[in-house]
Amino acid sequence: MLAPIAAALLSVQAAIPSDIRVLDAFGRDVTQRGITLLDWEGQIANPAIKLSLQLPKSLTFPAQVYLSGTSSRIHFDRSDSEDRTGIGKRITLLAAKSPEFHIAIFPDRDAMDEAHELLIQVFAGGKEVARQMMPVAIIDQDQPSANGGYPLHLDFSEDRTGFTSRNEVSAVLKQAASDWAYFMLDNGQDTVPVGAESTPIWNPDGFVTQRPHVNTRAYNGYMMYICGIQHDEMRAGGSPSLVGLPQSVRWKPIPLRRSGTVEFETRGNWNQLGWFLTKGDEDWWYSGSLRNEQQDLYSIAIHEMGHALCFQETYPVFGAARKTSLDDPRLVRYLGFAPKIDASEHLINVIDPISLYGGYGCEYFAKMKARRWLITKSHLLCLQAIGYRVRKTAAFDELAVNESEVKREFKVGAPVDLAIPFRGGVPGYHFSVTEGELFPGLTLDSFTGTITGRVIQPGKRLFLVTIQDSDPTTPAVQVKLHLTIN
C-alpha cells in the first residue's frame, strides 16, 4: 500500500512529465525494471545500493531533487553533514549533473518480502517540473525459526534506581541483547558454578563507587548486569568483569570474559530529556541520539553492550590491538585496512562499506541517515576477531558460482534457456561475456544471467561470463561455459 503522501501525488501524476531515468551502478536504466534491496537475516544494517539519475535536458538551475519511499523504512545517504533528520533525501543542483545516491531498507523482524516504490521529484523555478515512480522490491532473508545461539543472560536485580523495573525499559534492553546474541554462537563454554564469578557493579552514584557481586546461580555463556545510575557526566557505560576467570572450554581458558555490566543514566543520555523507548522498526528515524534530542535507548544499549562483550581493552586481542591496530585478515579484507582504536575503545574512522553505517564508535559519522544505531557486518567481524564464533548469516553469503565450468549441449534450432549458476551476493547483478563470443542467435541478459535464443549452425564454443554484484568489498566471479550445438 502506498503512503498517503505518495498516493496523493500519484493522483496528479499525468500532469507532470516523467522523463527522469534511474541508472544502476553499472550504468543500466532500471527505471521501469526497478531495484531490489536485501533485508538481511537478523537485526543488522542492510546493504546500501548506489544509483544515479538522468534528469530532463530542459531542466533549469538551480534545481532541487527530492527522494522518498512509500515505506518509512526506505532511507538514503545524507546530502551533507547536517542532513541527519527525516527520512527522505534532498539534492541541490547548481548546474547540470547526474546526481548519485544510495538507498537501503531499514531491517524489520518478520520474514516477508515486500514491494514498495521510490518517488523522485524535481523542482525548478519554484514548481515541480518532473516526477518519477519506480518499483522497489525487498527480499527478506530473516529466518523465523532461528534463535540466538549464544547464552547471553540479563540480570536486572542489582539495579537500585528502579530504572529497569519499568516494562518498557526492560523490553528494549532485552531486545538489544537478543539482537547481539542472534549473531553469536555458543563456544561450548564450561558452566560457571554458583559463587564462582565476581562482577563489580557501579552504585547509583555512577562511575564513582562500586560494589562486588557474586553470581547466585550457575550459568553458561555471559552474565550481563544492567543498572540505572545518576551522575554528572550524564552518560551510559559498559564493560566486562576482570575479577573472575576468563571463559573456558573443557577447562582450557579462551580470551573471552564471563560477565559484565551496562549502566544507563536514568534521566537520559548526555541530557535530561529522558529516553525514547520504542523498539519498533517503523520508529527507527525518531532519534539520532544527538545531544539536543531525546536519545534512543535501543541505540545506546547496542553500543554499550558492545563494550561489555567485545570493544574493551581487557579482551586480550582488543587490548593488544589498541597499541597498533585490529589486524585480523577477515576484517582487513572487508574494510580494506586494519582499523585503529582510540582512547574510548572505539574504532577510528570506520564506515561499514556495505551498509554505509558507522562502524563501532563511529555511529555519528555514518554516510546513511542512520538515525537508530545498528549492528553492522564490521561489528560481527570484530567479534570474530577477538574470539567469538559468529553465525554465518546472509551477511556472509558472498557472491560465488556453483560451478566454475559448465558444459551444456543443445540441438540445432532448439530453444536455448541456460541460467548462469551463481549464488549469494547483493543485487543488482551484472553479467557480461568477457572472453570469447556467444553463438549468433543467443543473447545474455545482463540482469539475470540467463542465456536464451536459438542456434541454426552446429559447433562448439568456449566463453567466459563475469558476474559482478553490488557489494563493493568482494571481487567479480567468473564461469567458463562450454556450449555444444549438435
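**Cys382 and the cysteines**

I began with Cys382, which is buried at a relative accessible area of 1%, where buried means under 20% relative accessible area, exposed over 50% and partly exposed in between, with a 1.4 Å probe and protein chains only. I note at once that this is a predicted model, in which local features need pLDDT of at least 70 and side-chain atom pairs count only at pLDDT 80 or more, while totals for chains, interfaces and linings use all residues. Residues are numbered from 1 along each chain as its sequence is written, and side-chain values use heavy atoms, with hydrogens and water left out.

I then looked for a sulfur partner, taking a disulfide as a pair of cysteine sulfur atoms within 2.5 Å. The closest cysteine sulfur to that of Cys382 belongs to Cys310, at 5.9 Å, which is too far for a bond. For Cys362 the closest cysteine sulfur is that of Cys382, 10 Å away and again too far for a bond; Cys362 itself counts as buried, at 3% relative accessibility. The count of disulfides by this rule is zero.

**Helix α6**

I next turned to α6 (residues 377–386), where ten of ten residues are buried; helices here are DSSP runs of H or I with at least four residues, strands are runs of E with at least two, and both are numbered from the N terminus. Among the buried residues of α6 are Lys377, His379, Cys382 and Gln384. I traced what the buried residues of this helix pack against, and found α2, β11 (184–185), α3, α4 (316–321), α5 (329–335) and β21 (389–390), with contact meaning heavy atoms within 4.5 Å. Just after α6, I noted that Gly387 has a positive phi of about 130 degrees.

I looked up α3 (residues 297–309), whose 13 residues reach 18 Å from the first C-alpha to the last, close to the 18 Å expected at 1.5 Å a residue; the expected span is 1.5 Å times one less than the number of residues. In α3, 13 of 13 residues are buried. His303 has its place in this helix, and I record it as buried, with a relative accessible area of 7%. Setting aside neighbours within four places in sequence, I found His303 in contact with His346, Tyr360, Gly361, Glu363 and Trp373.

**The four-stranded sheet**

Which strands form the open sheet, and in what order? I read four strands in the order β10-β14-β18-β15, with mixed pairing, where two strands pair if DSSP finds at least two bridges between them. β10 (152–155) and β15 (237–240) stand at the edges with a single partner strand each, so one side of each is left without a neighbour in the sheet. Neighbouring strands of this sheet are turned by 20 degrees against each other on average, direction ignored.

I checked the pairing of β14 (residues 222–229) with β18 (residues 259–265), which is parallel and runs over seven bridges; the bridge partner of Gly228 in β18 is Phe264. α3 packs on the sheet, touching β10, β14, β15 and β18, and its direction makes about 25 degrees with that of β15. Helix α2 (residues 167–182) lies across β10, β14 and β18 and runs at about 165 degrees to β10. Axes for these angles are lines fitted to C-alpha atoms, for helices over the stretch in contact, and angles run from 0 to 180 degrees between N-to-C directions.

**Strands β12 and β13**

I also looked at β12 (residues 198–202), in which four of five residues are buried. Five bridges join β12 to β13 (residues 210–214), and the two run antiparallel; Trp202 stands opposite Gln210 in β13.

**Asp108**

I located Asp108 in the loop between β7 (100–105) and β8 (114–124), and Asp108 counts as buried at 6% relative accessibility. Leaving out neighbours within four places in sequence, I listed its contacts as Asp39, Gln43, Arg73, Glu114, Asp140, Asp142 and Asp281. Asp108 and Glu41 lie 67 residues apart in sequence, yet 9.5 Å apart in space from C-alpha to C-alpha.

**The whole chain**

Last, I noted that the protein chain has six helices and 30 strands and that its C-alpha trace spans about 85 × 60 × 40 Å along the principal axes. Of its 486 residues, 56% are buried. Among contacts between residues at least 6 apart in sequence, 69% join residues at least 24 apart.
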